[in-house]
Number of protein chains: 2
Amino acid sequence: MGDEERLARIALTRVIEPGDERGGRWLRELGARELLCRLIGPESASVTLPGATERRLTGYRLRAADADPERDLAAIGALGGRFLCPGDAEWPTQLDDLGDARPLGLYVRGVADLRRWALRSVAVVGARACTAYGAHMATTLGSALAERGWVVVSGAAYGIDAAAHHGALAAHGATVAVLACGVDRAYPAGHQVLIARIAEQGLVIGELPPGVHPTPGRFVLRNRVIAALTRGTVVVEAEYRSGSLVTARAALRLGRYTMGVPGPVTSGLSAGVHELLRGEGTVVTDADEITELVGEIGALAPERRGPVLPRDLLEPASTRILDALPARGAVAPGRLARLTGTAYDETLGRLYELHALGFVERHGDGWQLAARTPIRRSAPEGGF
Amino acid sequence: MGDEERLARIALTRVIEPGDERGGRWLRELGARELLCRLIGPESASVTLPGATERRLTGYRLRAADADPERDLAAIGALGGRFLCPGDAEWPTQLDDLGDARPLGLYVRGVADLRRWALRSVAVVGARACTAYGAHMATTLGSALAERGWVVVSGAAYGIDAAAHHGALAAHGATVAVLACGVDRAYPAGHQVLIARIAEQGLVIGELPPGVHPTPGRFVLRNRVIAALTRGTVVVEAEYRSGSLVTARAALRLGRYTMGVPGPVTSGLSAGVHELLRGEGTVVTDADEITELVGEIGALAPERRGPVLPRDLLEPASTRILDALPARGAVAPGRLARLTGTAYDETLGRLYELHALGFVERHGDGWQLAARTPIRRSAPEGGF
């Protein structure tokens, strides 16, 4: 994607709300530059777009006139972040399953490669006002998934989300927070430290440009990104008909695995999970049951089909880490960081990428070369 | 079935162990009298039976020689009980689904009609060493099922079984204990009062003749009777791979609904239930979810197809109770008992029979005529 088209897309993240399928269709049919031109160009007052009332079109025009994509690009750059467009090497192509509700792009903070991480990722979500049981389960699952080399995706909310992130972080694992606001914002404010830590050790991503606040509607629509990005969604605690089930239902619609952790029938915070389990959800009680299920998905599960990327196409930093691993035995990530002169968090990020690509395995706290050395042939890299 | 054939069957309950399919096949092929004759008649020493080694045949012969069916019939009669054979009006024909493992007959204590009760019955089973949560759930489900006019079937064991029976009894409901020993025995001994109470207000049944003790194998095989008798089995708490799941698996094989009450993943006593729910079991969290599921089964669900028996074929005691109900409004069973000069427990038993037949409904503690008056036509009465 050319720079102008990319800048126009950044501008449109201030115009088209997450999940706006009409806006997505215009973008698909016209391209970003042309759409933006119709909204703010000299002829814009007389231009119409299919399906848009004049009143709504005015809203689009006003927001487009206010957009300043260079400023947003500078802001995300100042955070050490980047803006990903569909078609970029790092774009997680499974998001394309969302059709015209696909994010226009993603603002990303963190060193890891989002696409590769998402290949082996599971969402762990649930109630904000969770019980001690729910928090325990989310933390345990977050840690155990990370220990098995899976990336834990959640929404950085209070309760289950935070417990899942904390579990993954505590296990020196990979975790992705999908925010319903600009990735420079910490929402909730009480999670400033947690979100900063995720941006260091993992990834903080979102569809909304810097500075933008969350709204109730944006939380709901953020959930579709969590569902689409991951191979499956685990709901740990959720009240009957609660918002936490929105992600689960979105996952179902997208053909992803949808799982629930059962709890006492006497707990209202398990009622929503049981509702899900009485439908199409699958009962899971530990990380092995989760990975057994989601490990089956998709044509490109690297551990079944060999690596999705040949070794000679790896980035130099990844190759350095791979070369530093001995033929036998595991090495702690801290030692690998020192051996290769790479920052600790980047080392971890590269290791999870290499894991997703089938080159390495995690055993306890150490990493080692995968049992079956990947074949060094070129192969297409794809989504699910 | 003639008296001699019936007596021979009673004798064979001391010869053929519950669930012995080879014995069941001989019985089906030869009839009870002929089979018994081959085992204890003058020619018995030279007779062979298909598939029996001489050593096993000796065992059959020794047990047959010891049998005294008149004494067993007198013993069950002294308890106010009876012996049911396949083909009897009170025989629950759904037991025929067990094929050659069908009980030879059933010793029954209690006033109610087993066949009619079983038409609207659900098994509630689970661990002996249950938690307070499991006991609470079993009691609640037992009460709520009874309040909805369903008969609660269980095995009279400590823990979940006892809680389910107690729940049904406390709600002045119908409950059936299926024992793995003679119905004159109280096993476990600590449940002497409970089993006596069930024999008064409900039914105590078993395949084994009076005086016979339970063995581990008999518990397992008893479970197939619980599974076959009922429309579905609910497992409340069960350890991973525990015996409590045998009933559930038997129910699955017989095409009955198999349900589980989820619990905390952190509780070992829910692990077996979750194992079941990860397979073909259905998550249930209250009595409505259970009756919604099992209410769908079968061609003869009375509330969907009208009564299975015309009013003019009811027994006089049932007709008296039906006649005593006013055109509108509910009446407590105690008042009905006084109005009709019927014992309280028999009144309750008749009410549950009338419910199974579609004539009456339970509302709270009262009973009233069913909303849709049953059509007074003759219709075949059958199993599931």
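Where in chain B is B:Ala156 placed? B:Ala156 sits in the loop between strand 4 (151-154) and helix 8 (160-170) of chain B. Helices (H or I, at least four residues) and strands (E, at least two) are DSSP runs, numbered from the N terminus. This is a predicted model, in which local features need pLDDT of at least 70, side-chain atom pairs count only at pLDDT 80 or more, and totals for chains, interfaces and linings use all residues. Residues are numbered from 1 along each chain as its sequence is written, and chains are lettered from A and ligands numbered from 1 in the order in which they are written.

B:Ala156 is not a glycine, yet its phi is positive, at about 65 degrees. B:Ala156 counts as buried because it has 25 C-beta neighbours inside 10 Å. The cut-offs are these: buried is 20 or more other C-beta atoms within 10 Å of a residue's own, exposed is 12 or fewer, and partly exposed is in between, with C-beta atoms placed from the backbone.

A:His172, in the loop between helix 8 and strand 5 of chain A, has a phi near 50 degrees, a positive value in a residue other than glycine. A:His172 is partly exposed, with 19 other C-beta atoms within 10 Å.

Next, the cis peptide bonds. In chain A, the bond from A:Tyr187 to A:Pro188 is cis, with omega near -5 degrees. A:Pro188 is found in the loop between strand 5 and helix 9 of chain A. In chain B, B:Tyr187 and B:Pro188 are joined by a cis peptide bond with omega about -5 degrees, and B:Pro188 belongs to the loop between strand 5 (175-179) and helix 9 (192-201) of chain B.

On to helix packing. Two packed helices are described by the angle between their axes and the distance between the axes. Axes are lines fitted to C-alpha atoms, for helices over the stretch in contact, and angles run from 0 to 180 degrees between N-to-C directions.

In chain B, the axes of helix 1 (residues 3-12) and helix 3 (residues 32-40) come within 8 Å and cross at roughly 55 degrees. Helix 1 and helix 3 of chain B are therefore oblique to each other. For that word, angles under 35 degrees count as roughly parallel, over 145 as roughly antiparallel, 65 to 115 as roughly perpendicular, and the rest as oblique. The crossing of helix 1 and helix 3 of chain B is left-handed, meaning that the near helix is turned anticlockwise from the far one by less than a right angle; clockwise would be right-handed. From helix 1 of chain B, B:Glu4, B:Glu5, B:Ala8, B:Arg9, B:Ala11 and B:Leu12 meet B:Ala32, B:Arg33, B:Leu35 and B:Leu36 of helix 3. Contact here is C-beta atoms, placed from the backbone, within 7 Å. The residues of this contact divide into six nonpolar, no polar and four charged. Ala, Val, Leu, Ile, Met, Phe, Trp, Tyr, Cys and Pro count as nonpolar, Asp, Glu, Lys and Arg as charged, and the others, Gly among them, as polar.

Helix 10 (residues 216-229) and helix 11 (residues 244-253) of chain B pack at about 45 degrees, with axes 8 Å apart. That makes helix 10 of chain B oblique to helix 11 of chain B, and the crossing of the two is right-handed.

In chain A, helix 16 (residues 333-340) and helix 17 (residues 344-356) pack at an angle of about 110 degrees, with their axes 9 Å apart. That makes helix 16 of chain A roughly perpendicular to helix 17 of chain A. Helix 16 of chain A contributes A:Pro333, A:Gly334, A:Leu336 and A:Ala337, and helix 17 of chain A contributes A:Tyr344, A:Thr347, A:Leu348 and A:Leu351.

Helix 16 of chain B, residues 333-340, has B:Pro333, B:Leu336, B:Ala337 and B:Thr340 buried. They cover an arc of only 105 degrees around the axis, which puts them on the same side of helix 16 of chain B; the arc is that of the directions from the helix axis to the C-beta atoms. The buried residues pack against helix 15 (316-324), helix 17 (344-356) and strand 11 (366-369) of chain B. After helix 16 of chain B comes B:Gly341, with a positive phi near 65 degrees.

Last, the contact between the chains. Chain B gives 13 residues and chain A gives 13 residues. On the chain B side, helix 7 (132-147) and helix 12 (268-278) each supply at least two residues. The largest share of that side, three residues, comes from helix 12 of chain B.

Definitions and conventions: Contact = placed C-beta atoms within 7 Å.
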